[in-house]
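Trainee: I would like to learn how to read charge pairs and surface patches in a model. Could you take me through them one at a time?

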Amino acid sequence: MTETPTTVMAATGLKMCLLLHLLVFSWYIFTIWSNCSLQTSDRHPGVRSYGGRWKYLTFLNLVLQAVFFGWCVLVDVMHMLVPVKHTRSGTPLTLTKARDYFFTALAFPIGTFVFASFWSLYTYDRELVYPKMLDEIIPIWLNHAMHTVIMPLLLLQMFLQNHSYPSRTKGISALALFSVLYLSWVLWVHHASGIWVYPIMAQLSPVGLCVFLGCASLTMAPLYLLGEKLSLMMWSTTGNQKKKKK
């Protein structure tokens, strides 16, 4: 069968997506490996204390992003192996819907939160979130890999593929569940070990802590809506945007 120009362009675009997804996935695996290979200091026992690296949202986000981009690779490979007409149903469609839900409800808002919250607190007073002594433990490039590079990579993904947003109820509910689970984990770590995950929490009164955690959780919903708006702006000019359910 003779390939049409449209078919050739679609195949080329898919190969480009696969290449970029493989690169980003490899980058996150390398970043996680580099993070886990760090030699900790007695002045900052962090990862050796209760919960290890898994109590830090930054590390959880790295794992989440790696899983997401690994899923993207799987979907790309599936679309390359299966005829186009078969990708609109069955397993390929299910995998694509899962990818879109993962990105819209978790990967984008959580990654954006890590980027925005870290640099906001760092600019105000770095000792509240990333004490200066960490510069002797964590290389500058790794700090940016964990807290900066995540944002342009998310925007790149949003530009590469048009993600179908779920209803706002379903999307924000998944995000709210993640927030509740993580906050419960943070509180449990303090209950079990007596330490706070982030320095700023140790400086707040009980009321201040409640306000801080409440505000941090509530910012998740606007970040979800931000992703929805940016996606619509990026894809509306193509006339091929996927409409969301209200």
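Mentor: Let us begin with the criterion: a salt bridge is counted when a side-chain nitrogen of Lys or Arg lies within 4 Å of a carboxyl oxygen of Asp or Glu. Please keep in mind that this is a predicted model.

Trainee: How many salt bridges does the structure hold?

Mentor: Side chains of opposite charge can pair when their charged atoms come close. Here the structure holds 3 salt bridges, and one of them joins Arg99 to Asp100, with the closest N and O atoms 3.0 Å apart.

Trainee: Are Arg99 and Asp100 buried or exposed?

Mentor: Both Arg99 and Asp100 are buried. In the salt bridge between Asp135 and Arg126, where N to O is 3.0 Å, Asp135 is partly exposed because its relative accessible area is 35%, whereas Arg126, at 15%, is buried.

Trainee: Which parts of the chain are linked by the pair of Glu228 and Arg168?

Mentor: The side chains of Glu228 and Arg168 form a salt bridge at 2.6 Å, N to O, and this pair links distant parts of the chain, with Glu228 in helix H9 (residues 220-236) and Arg168 in helix H6 (residues 168-193), 60 residues apart. Glu228 has a relative accessible area of 7% and is therefore buried, while Arg168, at 34%, is partly exposed.

Trainee: Which residues form a nonpolar patch on the surface?

Mentor: Met16, Leu19 and Leu23 form that patch, and together they have about 300 Å² of accessible area. Leu23, which is found in helix H1 (residues 5-36), counts as exposed because its relative accessibility is 52%, and the cut-off for exposed is over 50%.

Notes:
Residues numbered from 1 in each chain as written. Predicted model: local features only at pLDDT ≥ 70, side-chain atom pairs only at ≥ 80, totals over all residues. Heavy atoms only, no water. Patch = residues over 30% accessible without salt bridge, like charges linked within 9 Å, V, L, I, M, F, W, Y side chains within 5 Å. Areas by Shrake-Rupley, 256 points an atom, 1.4 Å probe, with all protein chains shown as cover. Helix = DSSP H or I, 4+ residues; strand = E, 2+ residues; numbered from the N terminus. Buried < 20%, exposed > 50% of the residue type's maximum accessible area, 1.4 Å probe, protein only.
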